[in-house]
Protein chains: 2
Amino acid sequence: MNLLRERIEKEGLILKNGILKVDGFVNHQVDPMLMYGCGEELARRFAHLNVTRVLTAEISGIAPALTTAFFLKVPVVYARKVKPITMPDTVYLTVAPSHTKGNMVELIVSPEYLARGERVLIIDDFLASGSTIQGLVRLTQAAGATLVGIGALIEKTFEGGRKILSTYNVPIESLVGITSLEGGKISFVD
Amino acid sequence: MNLLRERIEKEGLILKNGILKVDGFVNHQVDPMLMYGCGEELARRFAHLNVTRVLTAEISGIAPALTTAFFLKVPVVYARKVKPITMPDTVYLTVAPSHTKGNMVELIVSPEYLARGERVLIIDDFLASGSTIQGLVRLTQAAGATLVGIGALIEKTFEGGRKILSTYNVPIESLVGITSLEGGKISFVD
């Protein structure tokens, strides 16, 4: 996905702790035209899988998941980190470590919107260690739904998430792969 | 906006405390096709105002703000409720009461993405008491940017937010107005 890679090359910043800051077009500020292009491409790659729900985690997964779901013409569900009062008493809840906050966060989905029989595509902004996505897989399994694919905008291949997620035996797609952030340089998968 | 009204009529639920639950298509689960239509209509109503930034608050403002910004062809910035480590040390921060959580929440924007000279359209899912939107206006003012309009998917006219926000002298648009949730009935503005 050349457009996304070009933006990372131009505006991505390497912070300490191996964090890639893309706050100007993915996270805090979002470029909606870029995000629609990314959603269209992710939808194309998973088009053959009869996806019935896109699942993501708030907050920064929402934009790419929404645009992917738009092109797949299916609803998108975002796991909440705090149970809102509109949710039923009984929910699916798992915990996952937060890469950018350093603590554990809860991921909560209402059984109203994730049910047995759904074919679930998980979409997130980053695929790094894979721990958030693993949490979303656990929610999918708890609901008795079927995981059919995993997609991300940006994959940090050096954090090993793909290997962990490969045990689920579903297609894993990322639009841009980054092999290293060492030496202040962003190195891309060719 | 008939499509949104029809969904509220069909799927909206009245909870205690005057909460209208629309978790099946706006909040926890989002209908991306509906949200795209809402964004197109909001963008049409504000098209003449030379908007350069759409501003919203995480989490449930993101979907309508993203689709509105897509049609206006401008970036969208969502105020964070917790300062991520990718943000600079010095930020714009205000506090606002949370309608659905009952406590005060922080709204934080980085000066990187909200600056003097920007023409800001605020978009949120609900316009109720107006307190979240007032917080976003304060962030806009703190940045020295110009507020040019306020839009929401659903307005609860009986909570008085429009009157409070009218002091800013900018157009206020909502796609569906609800005049009452009393007696277990959702009453709409004609």
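In the hairpin formed by strand 10 and strand 11 of chain B, where six residues lie between the strands, B:G183 adopts a positive phi near 65 degrees. The model is a predicted one, in which local features need pLDDT of at least 70, side-chain atom pairs count only at pLDDT 80 or more, and totals for chains, interfaces and linings use all residues. Residues are numbered from 1 along each chain as its sequence is written, while chains are lettered from A and ligands numbered from 1 in the order in which they are written. Helices (H or I, at least four residues) and strands (E, at least two) are DSSP runs, numbered from the N terminus.

**Strand pairing within chain B**

- Strand 10 and strand 11 (residues 187-188) of chain B pair in the antiparallel sense over two bridges, where pairing requires that DSSP finds at least two bridges between the strands.
- Within this pair, B:I178 has B:F188 of strand 11 of chain B as its bridge partner.
- Strand 10 (residues 172-180) of chain B also pairs with strand 9 (residues 146-156) of chain B, in the parallel sense and over six bridges, and here B:V176 in strand 10 stands opposite B:I154.

**The contact between the chains**

- The contact takes 33 residues from chain B and 33 residues from chain A, with two residues counted as in contact if their C-beta atoms, placed from the backbone, lie within 7 Å.
- On the side of chain B that touches chain A, two or more residues each come from strand 3 (29-30), helix 2 (32-45), helix 3 (62-72) and strand 5 (76-79) of chain B, and the largest share, five residues, comes from helix 3 of chain B.
- Strand 5 (residues 76-79) of chain A and strand 3 of chain B run antiparallel and are joined by two bridges, with B:Q29 as the bridge partner of A:V77.
- A:P32, which has its place in helix 2 (residues 32-45) of chain A, touches B:L66, B:A69, B:F70 and B:V76, not counting residues up to four places away in sequence.

**Burial in chain A**

- A:P32 is buried, with 25 other C-beta atoms within 10 Å, where buried denotes 20 or more other C-beta atoms within 10 Å of the residue's own, exposed 12 or fewer, and partly exposed a count in between, with C-beta atoms placed from the backbone.
- Ten of the eleven residues of helix 3 (residues 62-72) of chain A are buried, so this helix is largely enclosed by the rest of the structure; the buried residues include A:I62, A:L66, A:F70 and A:L72.
- Helix 3 of chain A is followed by A:K73, whose phi is positive, near 60 degrees.

**Helix packing in chain B**

- B:L3, B:L4 and B:R7 in helix 1 of chain B meet B:L34, B:G37 and B:C38 in helix 2 of chain B.
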